[in-house]
Amino acid sequence: TEKNPDNFFLYSDNDYIILKEKIRGEFDVGASSTKTIPHGLSYIPFVIGFAKIASNRWVQLLGDSSSFDVYLEVNSYNIVLGNRTASAVKFKYYIYYDQQVQ
């Protein structure tokens with residue numbers, strides 16, 4: 001029912017709805033740690049995550065990005081940001097109302 005295109009990440013010219021963002025956030029996850037974020041939906045939502053792996057270098061997280069020792073997991077209740085490095089890593093995430101295509 002939302003009609004304001006400013007409330008959408010992406011929108012089309014006619015109905016404005018492509019992806020509807022639920023929430024976004026940013027966290028520092030400590031060395032060898034995880035951060036669990038409940039999304040409050042009863043299904044696995046579409047999620048985009050990023051991790052800052054160098055001064056000005058961000059990587060997009062699509063599942064396990066083990067080559068950088070950081071990862072993002074999504075299930076029916078939570079998203080989990082994981083850090084397997086020896087120092088804290090900054091993460092950004094975007095949770096959408098859209099259901100993850102499986």
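Asp-28 has a relative accessible area of 54%, and because the cut-off for an exposed residue is over 50%, Asp-28 counts as exposed. In this predicted model, Asp-28 forms a salt bridge with Lys-90, in which the closest N and O atoms are 3.2 Å apart. Since Asp-28 belongs to strand β2 and Lys-90 to strand β9, this pair ties together parts of the chain that are 62 residues apart in sequence.

## The salt bridge of Glu-21 and Arg-24

The structure holds three salt bridges, and one of them brings together the side chains of Glu-21 and Arg-24, with a distance of 2.8 Å from N to O. Glu-21 has a relative accessibility of 18%, and because buried means under 20%, Glu-21 counts as buried.

## Asn-83, a buried polar residue

Is Asn-83 buried or exposed? With a relative accessibility of 2%, Asn-83 counts as buried. Asn-83 lies in strand β8, which covers residues 78-83, and the side chain of Asn-83 reaches the backbone oxygen of Ser-87 at a distance of 2.8 Å.

When residues up to four places away in sequence are not counted, Asn-83 touches a list of residues that includes Val-29, Gly-30, Ala-31, Ser-32 and Ser-33, as well as Asp-69, Val-70 and Tyr-71, and also Ala-88, Val-89 and Phe-91.

## The largest nonpolar core

In soluble globular proteins, nonpolar side chains tend to be buried together. The largest nonpolar core of this model has 14 residues, and those that touch the most other members are Ala-51, Leu-61, Val-70, Ile-79, Leu-81, Phe-91 and Tyr-93. Two or more residues are given to this core by each of the strands β4 (45-54), β5 (57-61), β7 (70-74), β8 and β9, and the largest share, four residues, comes from β9.

Which residues are in contact with Ile-79, leaving aside its neighbours within four places in sequence? Ile-79 is in contact with Lys-35, Thr-36, Ile-37, His-39 and Val-47, with Glu-73 and Val-74, and with Tyr-93 and Ile-95.

## The chain as a whole

The secondary structure of the chain comes to nine strands and zero helices, so that, read from the N terminus on, the elements run β-β-β-β-β-β-β-β-β. The chain has 102 residues, of which 30% count as buried, and its accessible surface comes to about 6,400 Å², with 47% of this area belonging to carbon and sulfur atoms.

Among the contacts in the chain with a separation of 6 or more, 62% are accounted for by residues 24 or more positions apart.

Terms used. Residues are numbered from 1 along each chain as its sequence is written. This is a predicted model: local features need pLDDT of at least 70, side-chain atom pairs count only at pLDDT 80 or more; totals for chains, interfaces and linings use all residues. Side-chain values use heavy atoms; hydrogens and water are left out. Buried means under 20% relative accessible area, exposed over 50%, partly exposed in between (1.4 Å probe, protein chains only). A polar contact is a pair of N or O atoms within 3.5 Å; within protein, one must be able to donate a hydrogen and the other to accept it, and residues adjacent in sequence count only if both atoms are side-chain atoms. Contact means heavy atoms within 4.5 Å. A salt bridge is a side-chain nitrogen of Lys or Arg within 4 Å of a carboxyl oxygen of Asp or Glu. A nonpolar core is a set of buried Ala, Val, Leu, Ile, Met, Phe, Trp, Tyr and Cys residues joined through side-chain atoms within 4.5 Å. Accessible areas come from the Shrake-Rupley method with a 1.4 Å probe; for residues, only the protein chains shown count as cover.
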